[in-house]
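Have the structure open and follow along.

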Amino acid sequence: MALAGLTTAECVRQPIYLLLTTAAVVLTGIAPMLAMHQFGEEGRLARDAGLALQLTIGLAVAVTTASTALAKERSEGTAGALLSKPVGRTLVFLGKYAGVAVVLLGFSVCSLLATLMAERVSERFLELPSFTGYVTDYPTGIRLLLTIPAAYAVAAVVNYRTRRPFASVAFRTLLGLLLAALLVCAFFDRAGQLAGFAFEVDWRIVPASLLVTLALLVMAAFALAFSVRLNTVPTLAACAALLALGLVSAYLFRGNGWTAALYRVVPDWQHFWMPDALRSGGRIPDAYLTSAGLYAAGWTTAVLAFGAWLFRRSEAV
Amino acid sequence: MKRIAAIARLTLREAARAGTTASLALLLLTAIVWMAAVIEGDGTPAGRIQVFLRYAFGLTTGILTLATLWLAAGRIASELDDRTLQLVAVKPIRRSELWLGKWLGLMGLNALLLAVCAAATLACAEIMLRRTAPGDRAEVRERTLVSRLPVQPDAESIEVQARAAYERLVKGPDGAEPFEDFLPRFEAARNTVPPGGVRHWAFRMPARFRAGQPLWLQTSFTYASVERAPMTGSWSLLSGGTTSLLWSASVSNLPAGIVRLALDSAGLPPDGRLILAFSNAPGAEAGAIAFTPRNTELLAGAHPFAPNVFRALLVALLKLGILAAVGLLCSAVFSTPVATFISTSLAVMLAAVQYFVFTTAPEQDAFAHKHNDDPEAAWYDRASEAVAHAASSIVAPVDAFDAIGQMTDGRQVGWPTVGRAVMTLLVLYTGVPALVGILLFRRRELAGFST
Amino acid sequence: MIAPSQDTRRLNVVSTHAPLDRNGSAPCACRDQGETTEMPANPATGWAVEVDGLGKIFTDFWHRPKVRALDNVTFRVPAGGSVFGLLGPNGSGKSTTIKILLGLLRPTSGSARVLAAPPDDVLAKQRIGYLPEESYLYRYLTPRETLSFYGRLFSLPPDECRRRTDELLDMVGLTHAADRSVGEFSKGMARRVGLAQALVNNPSLLILDEPTSGLDPIACRQVKDLIAALARSGKTILMSSHLLADVEDVCTELVILHNGRARAAGLTRKLLTQSDRTRLTFPSLPADTLKRLLAAFRAEAGADPQVDHPSLNLEQFFLEVVEAASRSDTSPTGATLGGKPAPFLVS
């Protein structure tokens with residue numbers, strides 16, 4: 001727990017984590033405002049863009065936090081001090097992963113909240129007592145985007161008054177403000193008029209986001225295992241290659257024999273990419289969530305076991 | 001200069017010893033060879049090689065774009081973090097020399113990788129050529145592995161003509177239609193040739209072009225009739241002064257798209273003035289043709305391909321120099337991950353800004369995002385457009401130097417173009433971030449507080 | 001400094017004009033916290049370093065003071081053959097002072113001049129050599145390439161650079177590892193490379209930050225001998241350390257910093273001499289002779305002298321043991337300094 005907490009605190013203080021989370025929220029927020037086409041369905045662009053950004057930027061978050069947790073400690077020499085304490089290497093490795101996982105969950109929650117609000121912003125045809133026609137819920141979009149300067153301003157004030165780290169305060173504030181912005185949405189309809197309390201958001205996005213989060217957790221395990229031996233840039237390159245390969249593995253390794261064996265050794269990320277299932281009112285069944293969860297758990301366990309073995313054999317300096 | 005060279009050499013050596021050079025080279029060479037194996041092109045041998053060249057050089061510059069940004073963003077920041085820069089800064093070297101040395105080192109790395117990739121690409125193209133049927137090889141060499149001088153038609157002052165027509169025809173007492181909307185319609189009308197109609201272009205050939213040298217016409221068109229009738233008519237080349245016919249050829253049933261025709265330049269007049277004419281077939285044989293504005297040109301001469309590749313890569317290298325300067329600027333101010341993030345985001349945003357530039361008119365429902373039927377574009381629309389236009393105006397001069405595209409199209413990237421690229425891309429677009437970066441670096445304290 | 005002695009029969013007798021305290025010590029009249037002894041004004045060779053009222057405050061992002069590292073520090077380092085010590089506990093401002101002198105930091109108040117030029121003057125840096133506290137070297141370069149690189153920054157001609165590189169590598173005992181990456185070196189070996197790069201330009205002013213940090217006792221001794229040799233050849237050395245024995249051994253003058261302020265400064269000998277006490281050292285005597293001598297001493301001086309046997313310090317003893325062992329052991333391991341300064345440094 002102590003290791004996980006230390007890792008989380010260390011990662012959240014890195015400015016890059018705040019910047020990546022900010023980028024994900026901003027890009028998700030402006031996607032529906034810049035859209036020129038609906039791509040056949042209202043809200044689809046915002047939904048798909050938000051989930052895609054969660055996956056790609058989440059990959060960068062996973063790699064940078066894993067590198068901070070391991071590679072940086074190795075290069076700065078603090079790994080030696082940690083490993084000289086009465087705690088096993090496997091426990092250290094798992095504690096690091098737990099910390100990275102918490103960081104990824106925080107990022108995923110921010111991304112999910114932004115996606116929910118972005119989907120609500122996207123243009124749709126409404127028939128309301130007060131209005132009939134196409135409308136884009138710009139007020140929600142502006143509230144979403146304003147959470148960022150507001151979070152930064154709060155963090156600046158806290159840093160000025162109490163000298164607490166800017167990045168970690170800003171991230172926590174951003175998370176809180178995104179939740180608050182979603183809550184405020186519940187008091188307005190999509191045309192921007194005050195209405196009775198009702199969450200007019202597409203909750204089907206939540207399981208899709210959960211699947212992407214599971215993918216990120218598997219990716220984090222890989223990143224941590226790579227970080228035992230590699231620095232940040234090679235780890236990022238390896239994880240990016242793994243992501244690309246895993247997305248097309250079903251196509252590349254179709255068939256029998258050795259190609260089928262290759263399919264087994266690369267995670268199939270398509271298991272976690274389900275935005276298409278939400279088209280035309282579709283839902284992701286709970287049974288599928290369970291099976292994807294088991295798939296993710298299996299991969300995570302295997303990769304962590306391998307990574308822990310590598311870590312036990314490595315030299316701390 | 002010696003000190004700058006020493007820093008540049010150190011940068012190159014570090015990149016080599018850290019495995020960066022080898023990793024990038026391996027990645028690029030693997031991608032190039034893989035592409036040569038899988039590319040199919042447009043089904044013709046020349047098309048296949050042309051598409052391969054475009055994609056290979058495009059991928060090389062794309063990967064080097066990201067690599068340059070990341071390497072540059074980490075250059076100064078990482079040395080500040082591990083304090084190796086302190087030991088250099090206390091030597092008799094100016095901060096500007098240090099910064100320039102780092103930039104030069106990155107440019108050296110890019111030049112080396114561009115050279116290696118160019119050699120690999122040309123080698124693959126040569127192999128692809130040798131695997132082509134002997135009868136098709138001549139076409140490939142004529143069409144693809146060549147460099148021709150593009151000659152644009154004389155400026156037609158479309159805007160002046162449009163203004164005159166507008167004053168005469170459209171603008172009434174109440175000024176119903178704005179000129180900005182009339183102009184593109186007028187230009188489209190000028191480039192549309194109805195059945196039986198004729199379209200002329202006037203050219204002035206450069207002095208170094210001699211009669212009898214290869215001359216090609218390249219143009220593109222779309223269908224302008226409901227029947228979507230293909231191009232049927234005749235092309236003629238006339239002397240500019242005497243309008244005597246020098247060459248003529250008929251075309252029939254050419255589908256819409258790019259048209260390439262070999263012309264006969266044997267009768268080129270001494271003053272080099274030519275008139276190119278297209279006569280659309282009359283009556284039911286043909287339909288109206290709309291030529292793409294500013295897309296008709298003559299391609300003159302046939303020059304070796306390799307020197308053209310070299311000049312195009314010089315321009316590409318200058319573009320990479322801008323990115324190196326931006327990355328080093330960020331590196332001089334921020335830590336490594338933050339500098340990487342900021343420089344990459346900046347580059348991606350500026351590259352994507354052209355997609356967000358669009359014209360709006362209040363009555364154009366398709367483009368304006370509306371709220372509650374408000375006929376005026378909202379303030380956030382106007383603000384975002386203004387920002388996008390401003391950013392686009394910064395990026396457009398850089399984008400205008402599409403040397404790789406020109407080279408793979410078989411068009412010459414001349415030394416004047418390289419000279420203009422040096423002034424624009426190096427002096428202006430690299431110089432400004434370099435000055436700012438050096439200034440910020442000079443003001444920065446290189447040692448922090450430590451107990 | 002007491003020379004190492006094999007004779008265990010030597011006796012010290014210490015007498016004092018002032019009453020001894022119960023520990024046998026007398027209060028020193030030449031040191032007082034906050035009081036600075038006078039430095040000689042305007043030496044003939046000029047000043048290598050002039051620091052006047054130097055202050056440095058590190059600020060946070062909002063430019064509010066975070067740490068006051070230096071507060072009104074003034075001292076002068078004469079040029080030409082002096083070894084000046086910058087002494088103080090950890091966090092006293094020694095490294096901050098050095099970084100300001102080298103232009104790596106800017107002072108908040110006061111001024112500093114190095115070789116009669118501002119700290120960021122590029123031409124003055126031509127004559128300065130710097131050894132930092134940690135050896136911040138490029139890990140992918142070999143020692144030879146490192147020295148060659150820094151030599152080029154000093155615009156040394158290639159032949160001269162090569163010659164100096166060879167001599168310096170020989171001096172620091174790294175000729176056998178000249179072509180290995182610095183990243184593979186131990187801390188001590190990296191330190192030697194750091195020392196070599198500080199000398200590649202044959203500097204007039206050598207600034208050493210904790211020069212003996214990470215070195216074994218033999219290497220420490222050799223570094224101190226090197227410092228003394230360089231001073232004798234006319235170079236000025238400014239060294240910072242919190243190892244008192246090292247500073248006492250080599251420094252002719254020193255300033256003591258604490259909490260960012262100069263607390264004492266002056267010639268080392270003058271600061272440490274207890275001028276109110278006298279010590280006699282002579283071979284051991286028979287008991288009754290000693291008794292008579294002491295009685296006479298008591299009668300003459302009217303004071304009770306303190307009598308004990310002199311002792312070596314641990315460093316001296318260590319060096320004697322190792323030297324004896326080296327004479328009998330013909331297969332040395334590890335890196336050792338060559339012991340002699342490179343010829344170009346003392347020519």
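Start in chain B: B:His200 has B:Ala277 of β8(B) as its bridge partner. This is a predicted model, in which local features need pLDDT of at least 70 and side-chain atom pairs pLDDT 80 or more, while totals for chains, interfaces and linings use all residues. Residues count from 1 along each chain as its sequence is written, with chains lettered from A and ligands numbered from 1 in the order in which they are written.

Seven bridges tie β3(B) to β8 (residues 273-280) of chain B, and the two run antiparallel. Strands here are DSSP runs (E, at least two residues) and helices are too (H or I, at least four), numbered from the N terminus; two strands pair if DSSP finds at least two bridges between them. The open sheet they belong to has four strands, ordered β3-β8-β5-β6 (chain B), with antiparallel pairing. At its edges sit β3 (198-204) and β6 (245-254) of chain B, each pairing on one side only.

Over in chain C, there's an open sheet of six strands in the order β6-β7-β8-β4-β9-β10 (chain C), and its pairing is mixed. Strand β9 (residues 253-258) of chain C is joined to β10(C) by six bridges, antiparallel. Look for C:Leu254, whose bridge partner in β10(C) is C:Gly266.

Back in chain B, the domain assignment (automatic or from a database) gives domain 1 (2-147 + 312-443) and domain 2 (191-295). Their C-alpha centres lie 37 Å apart.
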